[in-house]
Amino acid sequence: MAFISFEGGEGTGKSTQLGLFLGYLESSGIDAIATREPGGAPGAEDIRKLLVEGEPGRWDAITETLLHFAARRDHLARVIEPALARGQWVVSDRFADSTYAYQGFGHGVDLGLIEALYRMVAGDLKPDLTLILDLDVDEGLRRATGRGSGEDRYENMDREFHERIRQGFLAIADAEPDRCKLIDAAGSEGDVQARIIAAAKARFPDALP
Ligand SMILES: Nc1ncnc2c1ncn2[C@@H]1O[C@H](COP(=O)(O)OP(=O)(O)OP(=O)(O)O)[C@@H](O)[C@H]1O
Ligand SMILES: [Mg+2]
């Protein structure tokens, strides 16, 4: 089994690429589940609504951080940990690096506080591979707008916030090069998919020859 997360800013193609990647894993004979954050379990999906809908300023930064970690704890306890224990691969559309990037680098929440909360909800568990999709902020926001899902609270935060998030993800990739692979998210869906598959094969040479 393996735990893989897809990360990156708004509209970088995480959900598109996760769908393609899951198909690739299935064709490789791997038993995998797809999940997402915030959410991924019934209780966590209820918390998701509080986070992705409504006014950008409806939560102060620490409350927002705690809500993400409450959802993450439910997701880990109810879905991720049981799946890994059954031997399944788990592929998550966003995970904890989004909290470091959005609440830490974006809103200025102390990274040490985020680290302490992470330990409390996840202990030593970390993704085996994190694919960080990197894209020009304006291009990402162009791709993301107009989907009409109502899940636009983060999208509606200012451009500088999104630039800090991008820089935050780059800093995370730099700090943890063994776990995190930076993926250039420009170009066609097929181009990006090829980069992701190459990174996964390099990380899991036995399972993905
Ligand atoms: N390589 C690509 N080139 C152009 N458009 C793309 C590409 N990949 C995805 N898109 C389109 O861009 C939009 C955003 O993609 P997607 O929803 O996968 O991004 P996301 O990272 O999951 O966004 P969010 O952060 O809002 O969840 C979608 O309409 C999708 O069809
Ligand atoms: Mg998405």
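In which loop is the place of Arg94? The place of Arg94 is the loop between strand E3 (89-93) and helix H4; helices (H or I, at least four residues) and strands (E, at least two) are DSSP runs, numbered from the N terminus.

This report concerns a predicted model, in which local features need pLDDT of at least 70, side-chain atom pairs count only at pLDDT 80 or more, and totals for chains, interfaces and linings use all residues. Residues are numbered from 1 along each chain as its sequence is written, chains are lettered from A and ligands numbered from 1 in the order in which they are written, and side-chain values use heavy atoms, with hydrogens and water left out.

**Backbone features**

Most residues other than glycine have a negative phi, and most peptide bonds are trans. Arg94, which is not a glycine, has a positive phi of about 75°. Glu37 and Pro38 are joined by a cis peptide bond, with omega at about -15°. Pro38 belongs to the loop between strand E2 (32-36) and helix H2.

An N or O atom in the side chain of Lys14 is 2.7 Å from an oxygen atom of ligand 1. A backbone N or O atom of Thr12 lies 3.2 Å from an oxygen atom of the ligand, and a polar side-chain atom of Arg143 lies 3.4 Å from a nitrogen atom of ligand 1. Taken alone, ligand 1 exposes 630 Å², of which the protein buries 74%; accessible areas come from the Shrake-Rupley method with a 1.4 Å probe, and for residues only the protein chains shown count as cover.

**Pockets and the cavity**

Rolling a probe the size of a water molecule over the atoms shows where empty space is left. On a 1 Å grid over the protein atoms alone, a cavity is a set of points where a 1.4 Å probe fits but cannot get out, and a pocket is an open set with protein on both sides within 12 Å along at least five of seven lines; lining residues have an atom within 4 Å of a point. Grid points are joined across faces, edges and corners, and a volume is the space filled by probe spheres set on the points.

| Space | Volume | Lining by class |
|---|---|---|
| Largest pocket | about 710 Å³ | eight nonpolar, 13 polar, 15 charged residues |
| Second largest pocket | about 200 Å³ | 10 nonpolar, no polar, five charged residues |
| Largest cavity | about 140 Å³ | nine nonpolar, five polar, four charged residues |

Ligand 1 takes the space of the largest pocket; a molecule sits in a pocket if more than half of its atoms lie within 2 Å of its grid points. Of the 36 residues lining the largest pocket, Glu10, Lys14, Ser15, Arg94 and Arg147 lie nearest its centre.

The second largest pocket has 15 lining residues, with Asp97, Tyr100, Ile172, Glu176 and Arg179 nearest its centre. Helix H4 supplies the largest share of that lining, four residues.

In the largest cavity, H7 gives the largest share of the lining, five residues.

Definitions and conventions. Polar contact = N/O pair within 3.5 Å; in protein donor to acceptor, adjacent residues only side chain to side chain. Nonpolar A, V, L, I, M, F, W, Y, C, P; charged D, E, K, R; others polar.
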